[in-house]
Amino acid sequence: MPVKTTLGRGVAYALLLALSVVFVFPLVWMVSTSLKPIEQTMAMPPTWVPRGADGSLQPRWENYRAALATMGGKDGRVTFWTFLGNTLLVCGLGVVGAVLSNAVIAYGLAKIRWRGREALFAVTLATMMVPFPVLMVPLYEVFKSLGWIGTLKPLWVPSFFGGAFNIFLMRQFFRTIPEELSEAARIDGCSEWQIFWRIILPLSKPVLAVVALFHFLWAWNDFLGPLLFLTRTETFTLALALQNYQSQAGGVQWNHLMAASTVMVVPVIVLFFLTQKTFIKGIATTGLKG
Amino acid sequence: MTKGEKRNLRHGLLFCLPWFIGFAVFTAYPVAASLFYSFCDYSVLQTPVWCGAENYRRMATDAVFWLSLKNTLIYAGLSLPAGMVVALGLALLLNTGVRGVTIFRTIFYLPAIVPLVASCMVWLWIFNGQYGLLNWALRPVLAVFGVTPPGWLGDPAWAKPALALMSLWGVGNAMVIYLAGLQNVPQELYEAAEIDGAGAARRFWHVTVPMISPVIYFNLIMGIIGTLQVFTTVFVLTGGADGQPARSTLFYALYLFSTAFYDLRMGYACAMAWVLFLLIVALTVAATKLTEKRIHYAG
């Protein structure tokens with residue numbers, strides 16, 4: 001509903017600006033606190049930017065060094081870099097698995113006509129209804145019997161075996177690719193795998209990007225999975241490590257905690273700005289066509 | 001079956017093979033096992049012993065179970081409507097045709113992708129009763145009325161509203177979906193309504209709302225599913241699965257988690273999970289029934 005009057009526009013602008021300040025504020029506060037000396041973090045009234053003894057602007061970057069070194073415990077045996085490595089492993093392998101497996105499965109459901117495929121698709125959709133708590137206990141048991149508890153495997157191996165939502169997303173996309181392309185390739189003697197790999201996949205980059213992006217973010221942010229399946233500090237992902245850092249005995253300095261939080265947030269924000277279009281389109285389609 | 005059909009069947013099954021395995025191991029088996037355990041006395045240490053509907057019967061008289069359900073419903077009652085209003089409000093503002101929409105959209109969306117654990121850390125700080133920013137801002141305002149601001153996460157009466165308030169910060173996903181819905185509403189409808197003398201309020205209720213009703217419905221259902229299972233924010237903000245302070249934030253998912261993995265009462269936890277599943281289904285059906293006559297699917 002476009003607003004036409006000058007007054008209306010003015011009001012809309014004022015509201016948008018005020019709300020923007022509110023929405024950005026927690027993030028700005030996180031960064032600002034992360035650069036303050038400890039006494040300024042608890043100052044009342046708050047100091048808005050980090051200041052030195054003489055009152056000049058003076059960010060304390062050393063907070064970051066301290067936070068990264070002590071995030072896994074005060075003895076410095078496990079540091080931020082271990083957690084980053086674990087998280088990147090889970091995210092990286094997870095993305096590869098999710099993109100490959102769901103594309104293959106969705107091809108089987110969208111591009112090959114076989115008896116039972118509609119039934120399989122219906123069952124696939126139905127599994128989206130099942131809330132995670134229902135699966136939690138038996139899943140734990142499955143991973144335990146595989147000897148995976150305490151390792152990163154429960155967090156990435158399953159992504160190589162498909163997931164209902166991504167199958168759905170990719171199937172919808174594959175169905176919009178004209179059947180004639182596959183037919184022509186078939187006449188030229190291409191195998192089903194070649195059609196998939198050489199024709200369908202290159203045409204499906206937008207949906208592959210959406211799945212990759214969503215999976216990466218989901219894995220980067222996931223807390224419950226690591227909480228359930230990881231046991232030793234050196235296997236923790238960033239999300240779990242950050243929570244562990246905050247709740248450690250004796251408490252943690254606010255400025256260090258905010259520094260660690262900032263380090264976890266920045267990659268996500270950078271990724272978002274690099275891929276904004278894919279992103280917004282992906283969310284909008286999941287809501288509109290889903 | 002012709003030769004071609006056989007070939008297709010073979011290929012179809014082959015391509016779907018990863019999903020057959022994934023579905024069986026990570027979904028079908030867990031669903032079946034969980035249903036079975038919900039009728040058993042089971043701690044991972046011993047084999048499950050069938051006990052009939054005992055777990056479900058015990059739930060009826062378990063005061064903590066009812067408390068966790070009540071807490072969750074109160075939280076959902078606060079956060080769900082507020083979230084829908086804020087998300088739609090932001091989307092409407094973004095749809096007014098002012099300049100710089102992409103920048104504002106980015107700003108409002110950003111918190112939704114910030115890792116939950118990290119956003120919890122800032123909000124812990126903002127909600128801090130003594131040094132927190134929220135109370136720093138509220139204190140002078142409330143002082144006019146002779147009231148002191150609450151301790152938020154430290155106060156049993158205010159912990160749930162605090163969590164609901166924080167959830168509003170992350171409405172970006174719903175907002176983007178609303179916005180996409182709003183952008184699909186044909187301009188002619190607004191023009192026609194205006195010619196017929198409809199003011200802004202009537203255009204909103206009689207054009208916008210019916211035209212985006214499928215999107216509202218979608219966000220409502222996703223909201224129900226999400227809020228009933230809320231876990232991470234409470235766990236991090238209140239320091240574990242006890243639902244501090246004074247069990248005021250002991251939500252359903254927290255109680256289920258601690259029953260399963262701290263008390264090792266896996267059978268009871270599975271029964272709780274199935275009750276949650278049924279609750280979600282019931283609420284989804286109720287929401288569908290209530291709204292289905294009002295949802296307008298164009299085209």
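**Reading the overall build of chains A and B**

A compact globule of 290 residues would have a radius of gyration near 19 Å, but chain A has 24 Å. The radius is taken over C-alpha atoms, and the globule rule is 2.2 Å times the number of residues to the power 0.38. This is a predicted model: local features need pLDDT of at least 70, side-chain atom pairs count only at pLDDT 80 or more, and totals for chains, interfaces and linings use all residues. Residues are numbered from 1 along each chain as its sequence is written, while chains are lettered from A and ligands numbered from 1 in written order.

Q: How many helices and strands does chain B have?
A: Helices (H or I, at least four residues) and strands (E, at least two) are DSSP runs, numbered from the N terminus. Chain B has 15 helices and two strands. Chain A has 15 helices and zero strands.

Q: Why is chain B described as more spread out than a compact globule?
A: Its radius of gyration is 24 Å, well over the 19 Å from the globule rule for 299 residues, so chain B is more spread out than a compact globule. Its C-alpha atoms fill a box of roughly 75 × 70 × 35 Å along the principal axes. For chain A, the C-alpha trace spans about 80 × 65 × 35 Å.

Q: What percentage of the residues of chain A count as buried?
A: A residue is buried if 20 or more other C-beta atoms, placed from the backbone, lie within 10 Å of its own; exposed means 12 or fewer, partly exposed in between. In chain A, 41% of the 290 residues count as buried. In chain B, 40% of 299 do.
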